[in-house]
Amino acid sequence: MMLSKINFDFPEGIEIIPNTIVHVYVIRYQNSVIQIDGGIKSDANKILDFYKNSGISPDYVLITAVDYLHVGALRDIYDAYNPKIYVPKREVGSMKNGPALKGILEVEGKGLRFEGIQHVNSYNKMEINFLEVMDTPGYTMNNISIYFKDRNSIFVGDSLIMKHNKMKLDSMFTQNMEMARASINKIKGFCPVLIFPSHGVPYKCE
């Protein structure tokens, strides 16, 4: 869903990069610029144009899941601005080396590929003290969400999708439905809270 279709009052210090296919959020807080997820490859120019037009650059990029949807444009961002990148600990190798596609995906999975980046960090070494990283597996086995307490907001990536003002799972792309349901319940435990997903409209759960 494109920004032009989103009617939502964003909290101070949180914004969305316009018209990306997979939502990319930006936090401006305590003299830091933090990007949430890297978007798909075809959205690289939109992300770079956003920073150019805003007169800012990302100090950090936090990744909720290491796949082509969430890190496809990350190489372009890294080459332009050299931000510090954080990924789930078990995904550091994938982020450095690119996806391990096997079988038919190795032949037919060109669209699933992304370019690796050597200089990445795991979340257990994260130095941003106003954000809390929590495990919300299911979409991928190492998926995480990011809680911004001072704005009562959670960036959930593809841990869930919002559909008709309800939290849903996309069974086609979710690796483990049982774990994903547990992760939704974990996120619901923060309600009332603002939920910022990778797809669909941001939502306030009560």
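In which sense do β9 and β12 pair, and over how many bridges? The points below answer this for the predicted model and then describe the surrounding sheet.

1. **The pairing of β9 and β12.** These two strands pair in the parallel sense, over four bridges.

2. Strands β9 and β12 belong to an open sheet of five strands, in the order β7-β8-β9-β12-β13, with mixed pairing. Strands β7 (131-135) and β13 (203-205) stand at the edges with a single partner strand each, so one side of each has no neighbour in the sheet. From one strand to the next, the twist averages 25°.

3. **The pairing of β8 and β9.** Strand β8 (residues 144-148) pairs with β9 (residues 153-157) in the antiparallel sense, over three bridges. Within this pair, I146 stands opposite F155 of β9.

4. **The helix on the sheet.** Helix α6 (residues 177-188) packs on the sheet and touches β7, β8, β9 and β12 (193-197). The direction of α6 makes about 150° with that of β7.

5. **The burial of β12.** Five of the five residues of β12 are buried. In a regular strand, side chains alternate between the two faces of the sheet. In β12, V193, I195 and P197 point one way, whereas L194 and F196 point the other way.

6. **The hairpin of β12 and β13.** These strands pair in the antiparallel sense over three bridges, and L194 stands opposite K204 in β13. Five residues lie between the two strands of the hairpin, in which G200 takes a positive phi near 90°.

Terms used: Residues are numbered from 1 along each chain as its sequence is written. This is a predicted model: local features need pLDDT of at least 70, side-chain atom pairs count only at pLDDT 80 or more; totals for chains, interfaces and linings use all residues. Side-chain values use heavy atoms; hydrogens and water are left out. Two strands pair if DSSP finds at least two bridges between them. Axes are lines fitted to C-alpha atoms, for helices over the stretch in contact, and angles run from 0 to 180 degrees between N-to-C directions. Contact means heavy atoms within 4.5 Å. Buried means under 20% relative accessible area, exposed over 50%, partly exposed in between (1.4 Å probe, protein chains only).
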